[in-house]
Amino acid sequence: MTKAAALQAWFEQFLPAYTTASVPDDAVFPWLTYELVTGAWGDGENAITVNLWYYTESEAVPNAMAQKIADAIGMGGVMVPYDGGAMWIKRGSPWCQNLRDESDKNIKRRYLNLTVEYLSQN
C-alpha cells in the first residue's frame with residue numbers, strides 16, 4: 001500500500017475521507033478532509049491539516065469525533081505501515097479548533113492539526 005493509500009485508509013476508519021481538493025459534489029455530511037503531505041526519512045515532521053465537517057445543531061457530535069481521533073493517536077502517536085516503511089502520526093498543536101461556516105450555522109467544522117513523520121527511504 002502506498003503512503004497516500006495508507007493515510008487515506010487510516011482516516012477512513014473515522015469518517016468518509018477526501019483530500020481537500022477532491023470532495024465530490026454529492027458528498028453527504030459528515031466527512032473529513034485532509035491535506036496530503038508526504039515525505040521520507042530525514043524530512044522530519046510534516047504538518048497535516050484535517051477538517052471534520054458536520055451538519056448538526058449539536059457541538060457534542062463533532063467534538064466527540066475529534067476526541068475519538070485524539071484517542072486513536074494517543075499521547076505518543078500511532079504507527080501506520082505502508083509499503084517500504086511506516087508513518088508516525090502525532091497530534092499537532094493546537095490540537096483542535098472549533099469553527100462554524102458563515103453560510104449556515106448548522107455546518108460545524110473541527111480544524112485538527114497533526115504531524116506525520118515518514119519512516120522510509122522515499
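When neighbours within four places in sequence are set aside, Pro 16 is in contact (heavy atoms within 4.5 Å) with Pro 30, Trp 31 and Leu 32. The model is a predicted one, in which local features need pLDDT of at least 70 and side-chain atom pairs count only at pLDDT 80 or more, whereas totals for chains, interfaces and linings use all residues. Residues are numbered from 1 along each chain as its sequence is written, and side-chain values use heavy atoms, with hydrogens and water left out.

Pro 16 lies in the loop between helix H1 (3-12) and strand E1, where helices (H or I, at least four residues) and strands (E, at least two) are DSSP runs numbered from the N terminus. With a relative accessibility of 37%, Pro 16 counts as partly exposed; on this scale, buried means under 20% relative accessible area, exposed over 50%, and partly exposed in between, with a 1.4 Å probe and protein chains only. Pro 16 and Thr 33 are separated by 17 residues in sequence and by 8.7 Å in space, C-alpha to C-alpha. Pro 30, one of the contacts of Pro 16, is found in the loop between E1 (17-19) and E2 (31-34), and is joined to Phe 29 by a cis peptide bond with omega about -5°. A cis peptide bond also joins Ser 93 and Pro 94, with omega about -5°, and Pro 94 is found in strand E5.

The protein chain has two helices and six strands, which run α-β-β-β-α-β-β-β from the N terminus on. The radius of gyration, taken over C-alpha atoms, is 15 Å, close to the 14 Å that the globule rule (2.2 Å times the number of residues to the power 0.38) gives for 122 residues, so the chain is as compact as a globular protein of that length. Along the principal axes, the C-alpha trace spans about 45 × 30 × 20 Å. Of the 122 residues, 41% count as buried, and residues 24 or more positions apart account for 57% of the contacts with a separation of 6 or more.

Strand E4 has a covered face, made up of Val 78, Val 80 and Tyr 82, and an uncovered one with Met 79 and Pro 81. In a regular strand the side chains alternate between the two faces of the sheet. E4 pairs with E5 (residues 85-100) in the antiparallel sense over five bridges, pairing being assigned if DSSP finds at least two bridges between two strands. Val 78 has Ile 89 as its bridge partner in E5, and in the hairpin of E4 and E5, which has two residues between the strands, Gly 84 takes a positive phi near 85°.

The structure holds six aromatic pairs, defined for rings of Phe, Tyr and Trp (its six-membered ring) with centres within 6.5 Å, where planes under 30 degrees apart count as stacked, over 60 as edge-to-face and the rest as tilted. Trp 10 and Phe 14 form an edge-to-face pair, 5.0 Å centre to centre with 75° between the planes, and both residues are buried. A tilted pair is formed by Tyr 82 and Tyr 118, at 6.3 Å centre to centre and 55° between the planes. This pair links distant parts of the chain, with Tyr 82 in E4 (residues 78-82) and Tyr 118 in E6 (residues 107-119), 36 residues apart; Tyr 82 and Tyr 118 are both buried. Trp 10, Phe 11, Phe 14 and Tyr 34 form one aromatic cluster.
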